[in-house]
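Me: I'm new to this and would like to learn how to read charged side chains in a structure. Could you walk me through it?

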Amino acid sequence: MKFIENIKLKNKNCKVYKINSSVVYIFKKLHLEILKNTPLSFDCAYEYSRFKEDIKNKKEDIKNKKDYIFLMYYRNKPVAFSFMSVAKFDKFNLLYIKRYKLTKKQLPFLYDLNGVGVLEKFRGLGIQDYFIKLRIDYAKKLGQKYFFVSINPKNMWSLKNAKKNDFRETEKYINYEGNKRVFLRKDVL
Ligand SMILES: CC(C)(COP(=O)(O)OP(=O)(O)OC[C@H]1O[C@@H](n2cnc3c(N)ncnc32)[C@H](O)[C@@H]1OP(=O)(O)O)[C@@H](O)C(=O)NCCC(=O)NCCS
């Protein structure tokens with residue numbers, strides 16, 4: 001794991017790491033723990049079997065620099081995760097790509113910032129807000145310019161955080177699997 005920084009959130013001193021492919025299991029375990037009390041439609045935009053497949057592929061995707069996973073630790077325990085992925089150009093993401101109205105040349109610069117989970121006891125400390133900023137800063141150094149998130153309209157905290165970080169709501173829509181979503185984008189040029 002690569003140490004990124006120490007960060008103080010409210011009164012808690014935390015450590016932030018970027019994980020490599022050999023420790024993806026730490027993220028998977030934390031993700032399952034957070035899911036126990038999270039509506040599936042908050043955690044994921046689309047059909048759950050497809051999401052599970054995505055999680056299964058994370059090891060390969062990290063190796064290929066298509067996915068980056070960050071973990072927040074408090075007292076040597078992982079308490080929150082966050083990931084960002086290069087937008088995949090499959091039939092599902094085509095919808096996003098059309099929505100984004102990018103040219104073909106711009107497509108490799110599109111990042112999906114979906115994917116944050118915080119253990120219940122650690123919510124409200126500003127971890128999601130921190131992770132939005134961290135990922136954009138990290139991605140900017142990689143040359144990325146375009147970011148999107150798609151959020152369940154009932155997920156008020158995520159919506160609030162995205163807007164606070166200058167994501168612009170471009171539309172409300174029903175996705176491939178019939179779930180209501182809000183699409184937001186941010187350009188860092
Ligand atoms: C949505 C989620 C990631 C938010 O994470 P978080 O680290 O608690 O969010 P933040 O602390 O940055 O809070 C955002 C805002 O909501 C408030 N808030 C968030 N959780 C809160 C809680 N449990 N109680 C009170 N206020 C809360 C914060 O005070 C903050 O408001 P502010 O900007 O006025 O200070 C977290 O609730 C979670 O893990 N949910 C389950 C998984 C999920 O929905 N993931 C999102 C996918 S898009």
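Me: Is D129 buried or exposed?

Reply: In this predicted model, D129 has a relative accessibility of 15%. Buried means under 20%, so D129 counts as buried.

Me: And what about K133, which pairs with D129 in a salt bridge? How accessible is K133?

Reply: K133 comes out at 38% relative accessibility, so it counts as partly exposed. The side chains of the two residues meet with 2.8 Å from N to O.

Me: What lets such side chains pair up at all?

Reply: The general idea is that side chains of opposite charge can pair when their charged atoms come close. Here, K133 and D129 both belong to helix α6 (residues 127-141) and sit four residues apart, about one turn of the helix.

Me: How many salt bridges are there in the whole structure?

Reply: A search finds seven. One of them joins K58 and D67, again at 2.8 Å, N to O. K58 is buried, with a relative accessible area of 3%, and D67 is buried too, also at 3%.

Me: Which residue does R185 meet in a salt bridge?

Reply: R185 meets D187, at 2.9 Å from N to O. In this pair R185 counts as buried at 13% relative accessibility, while D187 counts as partly exposed at 32%.

Note on methods:
Residues numbered from 1 in each chain as written. Predicted model: local features only at pLDDT ≥ 70, side-chain atom pairs only at ≥ 80, totals over all residues. Heavy atoms only, no water. Salt bridge = Lys/Arg side-chain N within 4 Å of Asp/Glu carboxyl O. Buried < 20%, exposed > 50% of the residue type's maximum accessible area, 1.4 Å probe, protein only. Helix = DSSP H or I, 4+ residues; strand = E, 2+ residues; numbered from the N terminus.
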